[in-house]
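Student: Can you walk me through this one? I'd like to go site by site.

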Amino acid sequence: MIEIRNLTKKFGPFTAVDDISFTVEQGEVLGFLGPNGAGKSTTMKMLTGFLAPTHGTAIVCGHDVRTEPRAVKANIGYLPEGAPLYPDMTPLSLLRFVAEIRGYSGTRRNQRIDEVVALVHLESVLHQRIETLSKGFKRRVGLAQAILHDPEVLILDEPTDGLDPNQKHDVRALIKQMAPGKVIVLSTHILEEVEQVCTRAIIIAEGRLCFDGTPEEFRSESRHHHAVSLTVKTETAPDAAQALESLESVATVEVLPSANGTSSFMLFPRENASLVRDVNRFVHDKGWELEHLHVEQGRLDDVFREITQGAASTV
Ligand SMILES: Nc1ncnc2c1ncn2[C@@H]1O[C@H](COP(=O)(O)OP(=O)(O)OP(=O)(O)O)[C@@H](O)[C@H]1O
Ligand SMILES: [Mg+2]
């Protein structure tokens, strides 16, 4: 439903988006990750027909953003960065205005506004001027106008930015609930959010695409993926580090800082080794007193840093 072909944006001599191509299918929730200034918002602006590409194009629901921007906009709901809104309107008057632009009228219009207001919990501020709303409520009004016409494609630039934890939870649940019949592209700086709502993650650094895969694939890039953290009572295991190194399935042992009377280690597996079973048995056979044993899932921050800084250093 979205096809991005060699999309490029230059501002003078500066290339903000550099030859990006990918496609997104119905049902996918695509998370856009990348450092500040990477080109996420610029890509979204081109995708929604808000900025013209310097080269390349995007095809949305069969329409080319360069030649058929109105048809693209009709199929898209867009929450721009910072959720710009008319400050002297109220959420209700804004939603009525947007509904009319989107082709709703009469009872159907009012019904749809009621549905959307309930979905993003705007009841308490419907008649308050937008400029006097808190940041989170402004964001929710922005989200409401984006989903109002139940579009096939949703482009959400940091949809949970500035929301309280309850609202973050609700917006993520709403995104998941809407996902099956749509294409949703969202950007975020919350790496865990990608795992919670996205079926696919794309990382952009310095305008270039440098990762495209599932959230699991993203996490599995971490060197801590399937590592085992272990804490034992030191008096029962005085030579633990050396002993653990002798285990066949252990590639390396890192000594971690630990509390008095205990020793902690991070054990990295050899390829394809199932470490936790071996370590568990080993600890038991040695008679060490175990305080903690945990299979690490991988650290998203580390992977993000490696991928984005790695990409920057090759430029
Ligand atoms: N109109 C413009 N004129 C000049 N430079 C621009 C313009 N718009 C964006 N840029 C530059 O393009 C780069 C990409 O900006 P963009 O807003 O797409 O980043 P981003 O990935 O969304 O970052 P963030 O995570 O901070 O939102 C930045 O260096 C930005 O300063
Ligand atoms: Mg941005």
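Tutor: One term before we start: a residue counts as buried when its relative accessible area is under 20%. Keep in mind that this is a predicted model.

Student: What does the side chain of Asn75 reach?

Tutor: The backbone oxygen of Ala71, at 2.9 Å. Leaving aside neighbours within four places in sequence, Asn75 also contacts Cys61, His63, Pro151, Glu152 and Val153.

Student: Tell me about Cys61, then. Where is Cys61?

Tutor: Cys61 sits in the loop between strand 4 (55–60) and strand 5 (63–64). Its relative accessibility is 22%, so Cys61 counts as partly exposed. The phi of Cys61 is near 50 degrees, a positive value in a residue other than glycine.

Student: What about Asp19? What is phi there?

Tutor: Near 60 degrees, and again Asp19 is not glycine. Asp19 is in strand 2, residues 14–24. With a relative accessible area of 45%, Asp19 is partly exposed.

Student: Switching to the metal. Which residues coordinate the magnesium ion?

Tutor: Ser41 through OG and Glu81 through OE, at 2.0 to 2.1 Å. Ser41 is in helix 1 (residues 40–47), while Glu81 is in the loop between strand 6 (76–79) and helix 3 (91–101), so the pair ties together parts 40 residues apart in sequence.

Student: Are those two buried or exposed?

Tutor: Ser41 is buried, at 11% relative accessible area. Glu81 is partly exposed, at 42%.

Student: How many residues of helix 1 are buried?

Tutor: 7 of its 8, so helix 1 is mostly covered. The buried ones are Lys40, Ser41, Thr42, Thr43, Met44, Met46 and Leu47.

Student: Pick Thr42. What does Thr42 contact?

Tutor: Lys9, Phe11, Ala16, Val17 and Leu51, leaving aside neighbours within four places in sequence. Thr42 has a relative accessible area of 12% and is buried.

Student: And what follows helix 1?

Tutor: Gly49, with a positive phi near 80 degrees.

Student: Now helix 6. What span should helix 6 have?

Tutor: Helix 6 covers residues 165–178. Its 14 residues should span 20 Å at 1.5 Å a residue, and the end C-alpha atoms are 20 Å apart, which agrees.

Student: Which residues of helix 6 are buried?

Tutor: Gln167, Lys168, Val171, Arg172, Leu174, Ile175 and Met178. Seen down the axis of helix 6, the buried residues fall within an arc of 160 degrees, so they line one face.

Student: What covers the buried residues of helix 6?

Tutor: The cover includes strand 3 (29–33), helix 4 (106–119), helix 5 (135–147), strand 7 (153–157), strand 8 (183–187) and helix 7 (191–197).

Student: Next, Ala201. Where is the place of Ala201?

Tutor: In strand 9, residues 200–205. Ala201 is buried, with 0% relative accessible area. Beyond neighbours within four places in sequence, Ala201 is in contact with Leu30, Gly31, Val194, Phe211, Asp212 and Gly213. Val185 is 16 residues away along the chain from Ala201, and their C-alpha atoms are separated by 9.7 Å.

Student: Zooming out. What domains does the assignment give?

Tutor: Domain 1 is 2–220 and domain 2 is 228–296. Their centres, taken over C-alpha atoms, are separated by 46 Å.

Student: Last one, Val295. What does Val295 touch?

Tutor: His226, Ala227, Val228 and Val276, not counting residues up to four places away in sequence. Val295 is in strand 14, residues 290–295. It is partly exposed, at 27% relative accessible area. Val295 and His224 are 71 residues apart in sequence but 9.1 Å apart in space, C-alpha to C-alpha.

Notes: Residues are numbered from 1 along each chain as its sequence is written. Chains are lettered from A and ligands numbered from 1 in the order in which they are written. This is a predicted model: local features need pLDDT of at least 70, side-chain atom pairs count only at pLDDT 80 or more; totals for chains, interfaces and linings use all residues. Side-chain values use heavy atoms; hydrogens and water are left out. Donors are N, O and S atoms within 2.8 Å of the metal (3.2 Å for Na, K and Ca); water is not among the atoms, so sites may look incomplete. Helices (H or I, at least four residues) and strands (E, at least two) are DSSP runs, numbered from the N terminus. Buried means under 20% relative accessible area, exposed over 50%, partly exposed in between (1.4 Å probe, protein chains only). Domain bounds come from an automatic or database domain assignment. The expected span of a helix is 1.5 Å times one less than its number of residues. The arc is that of the directions from the helix axis to the C-beta atoms. Contact means heavy atoms within 4.5 Å. A polar contact is a pair of N or O atoms within 3.5 Å; within protein, one must be able to donate a hydrogen and the other to accept it, and residues adjacent in sequence count only if both atoms are side-chain atoms.
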